[in-house]
Amino acid sequence: MGWTIFYIVLAVLCLLLLSPVRLRFAVHGKKKWQIKVYYACFPVFSKSHDVPMPVAPASPVADDIVEEDDLLFMGSGDAPPITNDTPSAEKTAKQHTVPDEDADAALFSAEQENAEDASKAFAEEKPKKRSLLDRVKPHGVAQWRELLDDALASLASPLRFMLRHTYLRKLYVSVTVGTKDAAKTAILYGAVCGVIYRTLGKLQCHMTVKPKAIRIRADFFNPFCTAQCSGELWISPMTALALGFGIAIPFLWRTLWRVRRQEKQKQQEDAESAPLPVA
């Protein structure tokens, strides 16, 4: 009975991890776009955008206008007006301060004793062993750059694995090119064809792409350009987990190995630069 429950749970877990997450996207020109996310045939996320009509701007208000209440608040106050007869803070401070040589000497001796006690405690204190997080945590621009190099070096292979297990299906691209000049229309049509088909070829080299229709038209009668694109992007949660582990494990290994190598090199340099023992 126990093994049966284990196999059922394992089968359900594999089914959930291998069920693809579908990302449907649709773009209509510059004004409308829509994104929907489905998991196991259930909608998870949906968002669309439509550019609203432009609204007439309101009457501008000058930022430098000061209200009458603000002027009264800045000009009024409970403090009396400052005159030449009013003693300043510096004068009152000088009147109340009385030099005391004995107090200064006692303070200086106390500070000197505290400094000596602190130096003795620092000399007697043993160096604490740093934790793994303190050893790996960067403390400067150079260490941040080394950490970034480790992260970038760990991305290539997992990203190739993710792209090989990502599917772009039902890809539909429709572009209409039209200008007032027929020659410019033909030149623009050739440029658009080169960009779209070259990008599609690059994508097919790294991931599975199944286009539904690719339509590029040149309109020599209407000076308008339109573009539409839609499709579905499929990826399984198992692929996302494998991507996370594939990036995290090599990154941690590279970082720890680099930190350990730097610590050994520093210990060797300290040992070589240490003074010789007195005979």
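## First stop: a pocket

The second largest pocket holds about 240 Å³ of space. A pocket here is an open set of points on a 1 Å grid over the protein atoms alone, where a 1.4 Å probe fits, with protein on both sides within 12 Å along at least five of seven lines; lining residues have an atom within 4 Å of a point. Its volume is the space filled by probe spheres set on the points, which are joined across faces, edges and corners.

Before you go on, note that this is a predicted model, where local features need pLDDT of at least 70 and side-chain atom pairs count only at pLDDT 80 or more, while totals for chains, interfaces and linings use all residues. Residues are numbered from 1 along each chain as its sequence is written, and side-chain values use heavy atoms, with hydrogens and water left out.

Now select L171, V173, T199, L203 and C229: of the 17 lining residues, these lie nearest the centre of the second largest pocket. Colour β1 (21-28), β4 (167-177), α8 (182-206) and β6 (226-235) to see the elements that each give two or more residues to this lining. Helices (H or I, at least four residues) and strands (E, at least two) are DSSP runs, numbered from the N terminus. Helix α8 supplies the largest share, five residues.

What is the lining's make-up in nonpolar, polar and charged residues? It has 15 nonpolar, two polar and no charged residues.

## Second stop: salt bridges

Next, select R258, E146 and D150, which are linked in a network of salt bridges (a side-chain nitrogen of Lys or Arg within 4 Å of a carboxyl oxygen of Asp or Glu). The closest N and O atoms are 2.7 Å apart for R258 and E146. R258 lies in helix α9 and E146 in helix α6, so this pair ties together parts 112 residues apart in sequence.

Is R258 buried or exposed? R258 is buried, with a relative accessible area of 9% (buried means under 20%, exposed over 50%, partly exposed in between, with a 1.4 Å probe and protein chains only). D150 is buried too.

Stay in helix α6 (residues 141-153) and pick D149 and R145, which are four residues apart and so separated by about one helical turn. Their side chains meet in a salt bridge (3.6 Å, N to O).

## Last stop: helix α9

Finally, select G246 in helix α9 (residues 237-273). Its C-alpha atom is separated by 5.5 Å from that of P158, 88 residues apart along the chain.

Notes
Nonpolar A, V, L, I, M, F, W, Y, C, P; charged D, E, K, R; others polar.
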